[in-house]
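Welcome! Please have the sequence and the structure open side by side as you read.

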Amino acid sequence: MGQNKYNRFMPLALALCVVIGILIGTFYANHFSGQRLSIINAGSNKLNTLLQLIDDQYVDTVHINDLVEGAMPQILSELDPHSVYISAKDVQMANDDLRGSFSGVGIEFTIRQDTLRVQNVIANGPSERAGVLAGDKIVSVDDQPLVGKTLTNEEAMHRLKGPKDTQVKLGIIRRGVKDVKYITVTRGEIPVKSINATYMLNDDTGYIRIKNFGENTYSEMLIALGILSQERFNNLVIDLRGNNGGLLAAAVKIANEFLPKNSLIVYTEGRKSAREEYVSDGHGAYQHIPLVVLIDEGSASAAEILAGAIQDNDRGTIIGRRSFGKGLVQQPLSFTDGSMIRLTIARYYTPSGRCIQKPYSSGSDRSYEEDLVQRYQHGEYFSQDSIKHTGPAYYTLRERRTVYGGGGITPDIFVPEDTIGMTSYYKEAAMSGVILQFAYDYTDDNRTKLNTYKDMKSLAAYLQKLNTVEIFASYADSHGLKRRNLLIQKSHKLLERYINSRIIYNMMSEQAWTEYLNADDPVIIQTLRLFKEGKAFPKNDEENKQQKVARASYDYKGTHAHITMTAHA
């Protein structure tokens, strides 16, 4: 029995030792060239002995590379929730959103009934030029099947993406066409937009929604501000709800646009990382405009940096629900085989000195992963009094208002989640995915008619008259969700909003989808009320006059704000 246990655990022990050796060696070889490690002496001898022992005596052939690939994520998961290992084949995909573009065929797709279905075709992209249409089903790639119960988004993206100017042969089933149609697409560079909505909420208030922070986010922000300047906006809303973060630099540059000179934006500090401060340079063209930033439990990392900088400097009003609570800084470290790790090296702190990282005991701490569920169960989404702050109180820099760390950014104005009309039927319809499935199928069956509506408002009006909820209820009943007339009636508004928004998304764009949802959003309504009452920061009328003068001479194509700083396919 003892020998069996020895044999069973030896591969894992070997993998752990090899991984530790690789991590230490690569980290110091690539990033601290010239330095010596005094600790690699007895430890390295022990590792060499273990490797020799396995090589000489282990009963079976050990595939070291496979063991290492399996052990790396487990080792990092014991450190913190955000130190991760990314295999060589997944590195490009992991970096695409941050890089601002990728090389692919230019489609947005969904997988329904074991088949990849084209939801949208990117305008002027490779697929549109080749003749691919929204609604097409891609059943093969380069004559190899792309269907089945094991088909995943990751597999589809891996096979459809590829180097620029390479060709890929798609096998397509199209409505009304009997045989499989084959289209060859030449891959090209596909932009990945960070800002997916820019428009005027009313005559005075501009709105910008940032869904993540990547390499191009700052330049996209300048363009968005320029567009709103043409509309002569006097107030601004930056929507960070659902924004899970990204690049620190992008958040810092955007904060710089709104803060006066020498305002601390954020600072980072770690055991081996000296304190580094990011301070505004005073070149921002929007330092005085009344500003509101929207957050929720999905706002994390760089989104919290921006919200925290605005809140702590009393520069704008934060509205919504408490943010996620990620205050750890990761550094990418690459290996020679193309794989990489993102290793936590520091914490970031908002200008008031608070770290908003929520508690965890280790990377595998289940309470960390379940935190959002626990917030819901505690009633935090519905009552501000249910928010549990785990850190001490801090004070904003100008107004000395109380703010809290240790678990996200708490908004200045809390707006609860809208639960009017919430029923068990609606929850099941939303959670099971049947609404998304219906919206896609309905869109696919009625594209010709839906294409006659050229803007969001006319399409929304048509869908409302159509009573899509009744059509959905019959569809859902035939797909396993039993009709419950009383519950459907109670949830009618929620169902209609969700169903129609997805059809609008399928037919138009993220901006149209955002505009539709914002029309009756309680958070947007509260925001507009705040501006109307003149209660958004800053409140100084003289500052507002200065802002108008600054914007009158602002050219968004220019360059400024120089800061010193150390499922598509």
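Predicted model: local features only at pLDDT ≥ 70, side-chain atom pairs only at ≥ 80, totals over all residues.

## Aromatic pairs

Let's begin with the rings. Across the whole structure, a search turns up 14 aromatic pairs. One of them joins Tyr267 and Tyr349 in a stacked arrangement, with 5.0 Å centre to centre and 10 degrees between the planes. The angle counts as stacked because it falls under 30 degrees. Tyr267 belongs to strand β13 (residues 264-269) and Tyr349 to strand β18 (residues 340-349), so this pair ties together parts that are 82 residues apart in sequence.

Are these two tyrosines buried or exposed? Tyr267 counts as buried because its relative accessibility is 9%. Tyr349 is buried as well, with a relative accessible area of 18%.

Elsewhere, ring pairs connect Phe438, Tyr442, Phe472 and Tyr475 into a cluster.

## Charges over rings

Two contacts between a charge and a ring are worth a look on your screen. Over the ring of Tyr381 sits the charged end of Arg321, 5.7 Å from the ring's centre. Lys358, in turn, lies over the face of Phe324, at 3.6 Å from the ring centre.

## A nonpolar surface patch

Now turn to the outside. Which residues form a nonpolar patch on the surface? They are Ile173, Val180 and Tyr182, which together have about 260 Å² of accessible area.

Ile173 is part of strand β7 (residues 167-173). With a relative accessibility of 36%, Ile173 counts as partly exposed, because that class lies between the 20% limit for buried and the 50% limit for exposed.

Note on methods
Residues numbered from 1 in each chain as written. Heavy atoms only, no water. Patch = residues over 30% accessible without salt bridge, like charges linked within 9 Å, V, L, I, M, F, W, Y side chains within 5 Å. Areas by Shrake-Rupley, 256 points an atom, 1.4 Å probe, with all protein chains shown as cover. Salt bridge = Lys/Arg side-chain N within 4 Å of Asp/Glu carboxyl O. Helix = DSSP H or I, 4+ residues; strand = E, 2+ residues; numbered from the N terminus. Buried < 20%, exposed > 50% of the residue type's maximum accessible area, 1.4 Å probe, protein only. Phe/Tyr/Trp six-rings, centres within 6.5 Å; stacked < 30°, edge-to-face > 60°. Lys NZ or Arg CZ within 6 Å of the ring centre and 35° of its normal.
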